[in-house]
Amino acid sequence: MDRSIEFSHEEQMERVLGINDRNLPYLEALLGCDLFVKGTMLTCLSKDELVANRFLSLLARLRTLSENQHYFSEAEIFMEYQSLKHDRPLEELLSEEKQDKPFILVHNRFAFPKSPRQEAYIKSMEENQIVFGIGPAGTGKTFLAVAYALSQMMGGKRQKLILTRPIVEAGENLGFLPGDLAQKINPYLRPLYDAMEAMISVQNIRKLEENGSIEIAPLAYMRGRSLQNAIVILDEAQNTTIEQMQMFLTRLGENSKAIITGDISQVDLPKHKSSGLVHAKNILHGINALDFILFDSRDVVRSRIVQQIIDAYAKDQTTHAQGERR
């Protein structure tokens with residue numbers, strides 16, 4: 001069943017779908033259908049009449065609200081969708097969400113959980129000193145970690161935000177990178193910067209880097225340090241060795257917190273090296289103030305096609321493993 005909605009002009013459509021249609025994959029995940037753009041027409045392909053009707057109602061609502069020159073973020077689209085489902089005013093629902101569900105506030109911008117596991121992840125970051133967010137791409141584990149870390153640092157609860165990751169090339173030889181240390185490691189930390197830029201401006205990020213509130217460092221440079229009053233994000237942790245993971249976890253000092261994110265299905269280490277993230281997942285149980293949040297393909301909010309790709313690879317790996325055992 002195809003349903004379409006037409007915008008008055010391209011700028012109105014851009015306010016809803018975002019620049020370069022950046023909101024389109026999120027709308028597909030939210031509504032549970034495939035969306036196609038042609039000119040100023042947006043079409044929903046779904047055999048489910050309920051999905052098609054929700055598409056029409058939500059997009060008509062966003063189209064009307066966009067007339068006041070407003071560009072929508074994912075969080076705002078989500079809240080409109082929720083208010084639509086409950087047939088209640090957005091202001092009332094927003095107030096309720098703030099009271100009853102965890103959320104992250106950075107510079108007057110909200111990040112709301114889009115799944116029960118994301119909700120558990122935010123609560124875990126609030127309650128524990130060390131949190132592992134493990135799961136496939138597109139589940140929001142890195143974005144929420146960065147948003148939470150920014151809220152802690154900019155809210156005065158931590159003095160410094162440290163971003164680190166192991167420098168492991170994903171099967172490619174990047175060769176010599178010019179520049180100072182920050183310039184050399186920046187390409188590796190681009191996903192973290194993308195998440196920060198979704199919450200605060202590039203200019204503010206640079207100011208925070210200049211005054212030392214945000215620090216970037218390769219994981220190897222963490223050895224020997226004692227981190228006080230800081231919040232640290234270790235990204236791509238599946239590419240740490242066991243020794244590196246142990247070294248990192250023992251850096252935490254007074255009033256410091258660590259969030260470790262990674263995808264154990266994408267380990268780029270040499271075959272003779274074991275992943276420190278996999279090892280930590282197997283042995284670090286029953287430790288107070290340390291928690292694991294395990295995401296899977298059902299938590300993917302980036303795009304339905306990403307969810308399907310993850311499931312296809314997981315199925316292939318299972319089939320391959322069973323074949324090797326025979």
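Leaving aside neighbours within four places in sequence, Ile-77 is in contact with Val-16, Asn-23, Tyr-26, Leu-27, Leu-30, Leu-58, Leu-62 and Phe-72, where contact means heavy atoms within 4.5 Å. This is a predicted model, in which local features need pLDDT of at least 70 and side-chain atom pairs count only at pLDDT 80 or more, while totals for chains, interfaces and linings use all residues. Residues are numbered from 1 along each chain as its sequence is written, and side-chain values use heavy atoms, with hydrogens and water left out.

Ile-77 sits in helix H4 (residues 74-86); helices (H or I, at least four residues) and strands (E, at least two) are DSSP runs, numbered from the N terminus. Ile-77 counts as buried because its relative accessibility is 0%. Buried means under 20% relative accessible area, exposed over 50%, and partly exposed in between, with a 1.4 Å probe and protein chains only. One of the contacts of Ile-77 is Val-16: the two residues are 61 apart in sequence and 8.6 Å apart in space, C-alpha to C-alpha.

Now for the chain as a whole. The protein chain has 13 helices and eleven strands, and 45% of its 326 residues count as buried. Among contacts between residues at least 6 apart in sequence, 71% join residues at least 24 apart.

After H2 comes Gly-32, with a positive phi near 75°.

H2 packs against helix H3 (residues 49-65) at an angle of about 135°, and the two helices are therefore oblique to each other. On the scale used here, angles under 35 degrees count as roughly parallel, over 145 as roughly antiparallel, 65 to 115 as roughly perpendicular and the rest as oblique. The contact brings together Leu-27, Leu-30 and Leu-31 of H2 with Val-51, Arg-54, Phe-55, Leu-58 and Leu-59 of H3. By class, this contact has seven nonpolar, no polar and one charged residues. Here Ala, Val, Leu, Ile, Met, Phe, Trp, Tyr, Cys and Pro count as nonpolar, Asp, Glu, Lys and Arg as charged, and the others, Gly among them, as polar.

**Helix pairs side by side**

Axes are lines fitted to C-alpha atoms, for helices over the stretch in contact, and angles run from 0 to 180 degrees between N-to-C directions.

| Helix pair | Angle | Axis distance |
|---|---|---|
| H2 and H3 | about 135° | 10 Å |
| H7 and H9 | about 60° | 9 Å |
| H9 and H10 | roughly 120° | within 9 Å |

The crossing is right-handed for H2 and H3, for H7 and H9, and for H9 and H10. A crossing is left-handed if the near helix is turned anticlockwise from the far one by less than a right angle, and right-handed if clockwise.

Helix H9 (residues 190-197) packs with helix H7 (residues 141-154). In that contact, Thr-142, Phe-143, Val-146 and Leu-150 of H7 meet Leu-192, Ala-195 and Met-196 of H9; the residues divide into six nonpolar, one polar and no charged.

**Aromatic pairs**

The structure holds two aromatic pairs. Rings of Phe, Tyr and Trp (its six-membered ring) pair if their centres lie within 6.5 Å; planes under 30 degrees apart count as stacked, over 60 as edge-to-face and the rest as tilted. Tyr-121 and Phe-295 are edge-to-face, at 5.2 Å centre to centre with 90° between the planes. Tyr-121 lies in helix H6 (residues 116-127) and Phe-295 in the loop between strand E11 (290-294) and helix H13 (304-325), 174 residues apart. Tyr-121 is buried at 0% relative accessible area, and Phe-295 counts as buried at 6%.

Phe-132 and Phe-292 are stacked, at 4.5 Å centre to centre with 15° between the planes. Phe-132 belongs to strand E6 and Phe-292 to strand E11, so this pair ties together parts 160 residues apart in sequence. Both Phe-132 and Phe-292 are buried.

**Around helix H11**

Strand E6 also takes part in the surroundings of helix H11: the buried residues of H11 pack against E6 (130-134), E7 (160-165), E9 (230-234), E10 (257-262) and helix H12 (276-283). Those buried residues of H11 (residues 242-249) are Met-245, Met-247, Phe-248 and Leu-249.
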